[in-house]
Amino acid sequence: MARRLAQAAPATGGRGGVLKIVAALAVVLAAQALLALCLVSAQQLLVPRNMPFGVTGPPSPVVAEVASRAGLELTSYPSESAVTAAADRGELYGAYIAESSSDTLVVVPAKSFFAQTELEPAFLAAAHKLGRPVTVREVAPLTSSDPVGAVTSLLLLPLLIGGYLAAVLVFKAAHGVAAAPWRAAILIGYALVGALLTDLIAGLGIGAYSSSHFWPLLPCFWLITSAVALAAAALQALVGKLGTLLVAVLFIVIGGPPAGGLGTYLLPVYWRNIGVLLPPQNAVTLVNHVLYFDGNDIATPLIVLFLYAAAGTAVIAWFGRIRPGRPTTGAGDPQAPSPTPGNAAGTDRRRAMIGMLVALGVCAVMQSLFATTYMSAGHAPKASNLPFGAVGSSPLLAAAEKNISLKVTQYPDEAAAKTAMDEARIYGALVSSGGSNALIVVPSMSDLAPLDLAVHFEEAARSTGQKLKVQQYTPLPLAAKDPFGLVQALMLVPLLIGGYMSSTLLMAATGKAAGRWRAAQLAGFAVISGLVIDLIVCYWLEGFPSSKFWITWPICSLIVAVVAFVAAILQKLLGPIGTLVTVVLMILLGNPSSGGASGVPYLPDFWRDLGPYLPPRNGYILLHHTIYFDGHGTSQALINLLIYLGVATAVLIVLDLRRTEATVPTDATEAAAVSVPIGAVP
């Protein structure tokens with residue numbers, strides 16, 4: 001086989017070419033595995049861990065009951081005003097005020113929506129069990145444009161990616177010159193432009209936060225983007241092209257997952273401690289506290305981000321002025337710029353400057369797209385025509401539908417409704433009989449729908465005077481280490497990235513956008529890649545039941561193969577820019593329209609309508625429904641993916657068999673390859 005590959009791709013240099021291909025695919029596999037490990041292990045099990053929680057008043061048995069089961073770090077305050085002030089400053093995730101006749105539970109939704117959903121039910125259940133009357137008071141409530149606290153995480157994406165891409169593309173445009181006196185000024189200037197674009201798009205354009213926050217957030221965005229860009233440029237100055245990989249690994253693959261957008265004290269302790277040292281977590285804390293806590297308690301993130309920016313500037317200055325800039329390419333590297341005299345040198349500088357402006361223009365477009373797509377798709381999830389079942393009749397249903405959009409299907413009995421749940425056709429059901437009402441929710445169907453349904457039906461029960469009991473039903477229980485059903489959405493990201501990067505690095509390794517054995521090489525990688533991701537998520541991280549290991553493997557491989565083949569075709573037709581188009585289709589359009597853990601009914605109309613035509617949604621449904629719903633509801637998704645695969649395979653084989661093949665410069669793929677970590681949603 002190796003001999004055939006060598007003969008089929010003489011341009012790659014025989015046996016050396018085969019080794020380059022193997023090495024390239026090994027790099028993609030390692031990056032893919034690391035990303036899957038970091039993403040899933042950091043976010044699969046979000047529970048309180050040493051979570052700051054305030055108490056005041058006499059010792060409360062309710063607090064003792066909850067603290068014995070939840071990971072709370074209790075801090076005693078002298079008075080109600082003191083503990084409330086601490087919550088107002090964003091220092092606490094909640095507080096319990098014990099009094100003689102009744103108690104008060106203080107919740108802080110803006111600190112963490114997920115933490116509130118953990119703490120409030122736990123305290124109310126304990127108070128009810130112990131016979132203590134308790135009222136709930138909200139401090140720093142979330143806004144209607146950010147009902148689940150997603151905006152902070154979504155803002156991090158364009159800021160982080162923008163800073164990273166700016167450093168890398170400027171480095172490429174400068175032909176590998178590691179540093180120069182103007183490098184820091186250019187990156188700081190771009191950071192301001194990127195910050196302004198993000199602020200305009202997310203705030204004034206999409207309305208993810210109020211216009212009153214436009215100016216307070218602008219310097220924060222500027223600092224975050226500058227810190228990432230300058231630190232990235234500094235690493236490039238120190239170690240050359242390897243610095244690009246180091247930045248991607250440190251700031252995005254490792255730094256992104258523990259950013260803590262859902263609440264840093266819900267993360268595993270080791271991930272939280274890692275995140276404290278890196279820009280993403282500090283950026284999330286800074287933005288969150290400016291948005292919801294009037295800028296209180298932001299000294300630490302400001303110091304950390306300023307240190308990254310200052311250290312990056314110092315390194316750039318050292319290499320640019322004290323130690324003159326020099327190319328990082330080797331002496332024998334064909335990319336290394338040769339010495340040029342007088343006018344020719346001036347022309348080269350002008351060309352480099354034009355190249356940098358073009359590169360920064362591309363970066364601005366990408367940052368704007370990240371600010372637009374993910375924010376518009378996910379900042380305010382709201383159910384629309386949520387599939388729902390009803391057994392019997394009750395005024396509860398009509399009352400609930402005033403506040404939540406349901407697509408109701410009547411069923412003759414509870415068994416029929418549960419069959420529909422088994423087949424992933426409905427997200428819940430109201431069973432009414434003899435004056436009693438039971439709301440059945442399906443946690444394995446959506447992380448948000450069970451809570452959403454419970455809140456609205458409980459409100460309807462209070463307004464109508466009806467009794468309501470809420471119960472959960474899962475055809476196959478969620479894995480113990482995935483209580484919210486987040487794992488399939490998380491593992492989809494490395495599958496997508498592995499797909500297009502395998503094709504991209506093959507193009508870099510061979511110097512060609514296609515080759516006679518390209519389809520076979522990508523298919524082989526997809527098989528191995530799917531197995532590796534399956535092993536990591538299923539057995540290492542226990543992210544889904546081990547009984548589903550074997551059926552999950554071919555699904556993972558199918559997703560990788562589809563994306564890889566589409567990328568290979570686009571690269572053949574468009575050259576290296578085909579990778580960029582693939583990123584836009586799969587990551588900027590496909591991933592936000594997949595529906596993810598919340599489900600398709602929570603997407604805005606545009607994203608809901610777009611999703612069926614792109615592989616990510618079909619891949620997610622096939623993966624998720626196969627694991628938790630025994631393959632029900634996957635026919636359309638499977639057919640769509642197989643059509644993609646079949647058509648792409650045929651087109652790729654035809655293109656690969658063409659004898660005329662333009663050589664693709666290896667360095668032309670590097671700018672596209674910087675998208676390796678994109679999609680690692682914090």
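## Surface and burial

The accessible surface of the chain comes to about 26700 Å². Carbon and sulfur atoms account for 64% of that surface. The model is a predicted one. Of the 682 residues in the chain, 56% are buried.

## Secondary structure and contacts

The chain contains 24 helices and 10 strands. Taking the contacts between residues at least 6 apart in sequence, 73% join residues at least 24 apart.

## Packing of α6 and α11

Two packed helices are described by the angle between their axes and the distance between the axes. For helix α6 (residues 151-173) and helix α11 (residues 279-292), the angle is about 130° and the axes lie 9 Å apart. The crossing of α6 past α11 is right-handed.

On the α6 side, the contact is made by V151, T152, L155, L156 and L160. Helix α11 contributes P280, A283, V284, V287, N288 and L291. By class, the residues of this contact comprise nine nonpolar and two polar, with no charged residue.

## T225 in helix α8

T225 belongs to helix α8, which spans residues 214-239. Is T225 buried or exposed? Its relative accessible area is 0%, and the cut-off for burial is under 20%, so T225 is buried.

Leaving aside residues up to four places away in sequence, T225 touches L159, G162, G163, A191 and Q367. Among them, L159, G162 and G163 fall within the residue range of α6.

Note on methods
Residues numbered from 1 in each chain as written. Predicted model: local features only at pLDDT ≥ 70, side-chain atom pairs only at ≥ 80, totals over all residues. Heavy atoms only, no water. Helix = DSSP H or I, 4+ residues; strand = E, 2+ residues; numbered from the N terminus. Buried < 20%, exposed > 50% of the residue type's maximum accessible area, 1.4 Å probe, protein only. Contact = heavy atoms within 4.5 Å. Areas by Shrake-Rupley, 256 points an atom, 1.4 Å probe, with all protein chains shown as cover. Axes fitted to C-alpha atoms, helices over the stretch in contact; angles between N-to-C directions. Left-handed = near helix turned anticlockwise from the far one by under 90°. Nonpolar A, V, L, I, M, F, W, Y, C, P; charged D, E, K, R; others polar.
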